Amino acid sequence: MPFGTEITEDGVHFRLWAPQTKHVDLILEKDNRERRLPMQGLAGGWFELVTAEASADSYYRFRLDEGLAVPDPASRFNPFDVHGASQVIDPVDFHWTDEHWAGRPWEEAVIYELHVGAFTQEGSFRALQGKLDYLISLGVTAIELLPVADFPGRWNWGYDGVLLFAPDSSYGTPDDLKELIQTAHRKRLMVFLDVVYNHFGPEGNYLYVYAKPFFSDRHRTPWGNAINYDGENCRTVRDFVIHNALYWLEEYHLDGLRLDAVHAIADDSRPDILDELAERIRAGPGSKRHVHLILENDNNAAHYLARDADGSPHRYDAQWNDDLHHALHLLLTGETDGYYADYADVPLKHLGRALSEGFAYQGEVSPYHQGLRRGEISRDLPPTAFVPFLQNHDQVGNRAFGERLSDLAETRPLRAAVTLLLLAPSPPLLFMGEEFACPTPFQYFCDFGSELAQAVTEGRRNEFARFERFAAPELRQRIPDPSEPSTFFNSKLDWAALETPEHREWRSFYQSLLTLRRREIIPRLKKIRAGRSQYEVVGRQGLKVTWPMDDGGALILLSNLSDGILPDLEPPIANGHPGSTRTTLPPGPPLAVSDPAIADDLASGRLPAWSTAWFLTRAGDG
């Protein structure tokens, strides 16, 4: 890397980009003593030094103009948190044994999103490693770690990271993370990492002091000045981010990255940073093994998901499908606050379009977005270009009390929605604990310094003032304080719940559907013909979606997401009868149903309330 440290035959090579600084000293710390070594100034704001006085495991900082001492922004490890000294890590010290691992095809992805600190009571990489067999038995093929880049304090969601190359020490050491990934690979489990390239956290970010060109004076984000991807000196900034992505993929052997909220990245240059980053990865580690790139993008920018002639992704494999979630959540809960209002008029239509075409909003006006048009045409993309979910860290944790969907919806409707999700022809994402209806919430938590912590607490509660049920200040005081330790500890998964029949049944339900997905859906995903899927709203409460396959067969969804019976379904024998306006049932028994009794009802031409049925047809059926 051009940043950070490199161990050479002559010692350790240190580099720092500090264009706002005239003089930089390397501070080596040992036994509570400091050794100061002046660094050589180079063109373009760089400082460097090679010294034999440092070695692997040495602690160091940079002193700026005889004043502030700061950690390395490209530190590989900061064991004393973001304000403390960095530690020299020799990346070749770890013994990798996964040289034959080439990853898994994207079509096989069943993603399980988790927070390392809240997933187990211990909250560490090592403890997570002990749970891998549980996830594999569930049917998961990829775990997605919420950001692990070093953040301030003892706990954080991870989106306030400031040292982007350093795994947070609260989870363990760099070798602990590497051992977790290596063990996952040995068990044929992919590991993805959530990375944040739209902002740095509000505490411990010293770049503002000595590298102001890191930040734009033209673009703003919800967190302040945007990262400078298109202004003066942006080349160094872009390289920093690109090398960070390559670092995680190459030095940690990760199988993919999920890029957080890229709609908040401001970049008017061409190619923009998202294009350049993807091209570098595809030409680098992605040319030798499966590397998967996933976007979160509220702009529904379909062009990032374009496919090559052979169907492989040119840049990004997929995007989180917020549209599908929002429509389905509204149907399950009746909630119409905030962005759910955009789906309240015809939620089944939005859901059907999201299932069959990818985005529900493909350039239509969005009232929630102040009447702006949102999205690009996505109907010609394959369903594998979208990642659907019922729950994730945002959709649970950004609720006032962090309630899970199992707390908001009744069992039968939720079973219908889960059956819809897990057998749809898009790689599904689960949020940790949803598979057993975990009774603990997942709340927003952080551990900033006192002044910032108070501001975050007040800001968090005031965010909900626009919601009617929190209009009164005294009601907002009930919202958990993000800075209270109890908020973090209450968010840990309650694994003991699996000892009770109700929660074991939920896990078995998920497991059986994922087994069916592996056997029947995944082998057919490449056969689905992009741009040919269709949806039909049946009556006022039913939905039928058909995905034709190139062998003449089809995958068909029939779902009733309402309290009423869906009647008058035409039996298959009537298929093609002139003048019939009734929805025709597919031939043969269903592949799967959300409740066993549904099969008998279908034979009678009706679909009960809150029911989902899947069908597979073959060429010549019907």
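Student: How are H12 and H16 oriented to each other: roughly parallel or roughly antiparallel?
Tutor: This is a predicted model, where local features need pLDDT of at least 70, side-chain atom pairs count only at pLDDT 80 or more, and totals for chains, interfaces and linings use all residues. Residues are numbered from 1 along each chain as its sequence is written, and side-chain values use heavy atoms, leaving out hydrogens and water. Helices (H or I, at least four residues) and strands (E, at least two) are DSSP runs, numbered from the N terminus. Angles under 35 degrees count as roughly parallel, over 145 as roughly antiparallel, 65 to 115 as roughly perpendicular and the rest as oblique. The axes of H12 (residues 411-423) and H16 (residues 501-521) cross at roughly 25° and come within 9 Å, so H12 and H16 are roughly parallel to each other.

Student: Which residues of H12 meet H16?
Tutor: Contact means heavy atoms within 4.5 Å. In H12 they include Leu-414, Val-418 and Leu-422, and among their counterparts in H16 are Trp-506, Phe-509 and Leu-513.

Student: Is Asn-321 buried or exposed?
Tutor: Buried means under 20% relative accessible area, exposed over 50%, partly exposed in between (1.4 Å probe, protein chains only). Asn-321 has 3%, so Asn-321 is buried. Asn-321 sits in the loop between strand S19 (318-320) and helix H8 (322-333). Leaving aside residues up to four places away in sequence, Asn-321 touches Ala-354, Gly-358, Phe-386, Val-387, Pro-388 and Phe-389.

Definitions and conventions. Axes are lines fitted to C-alpha atoms, for helices over the stretch in contact, and angles run from 0 to 180 degrees between N-to-C directions.
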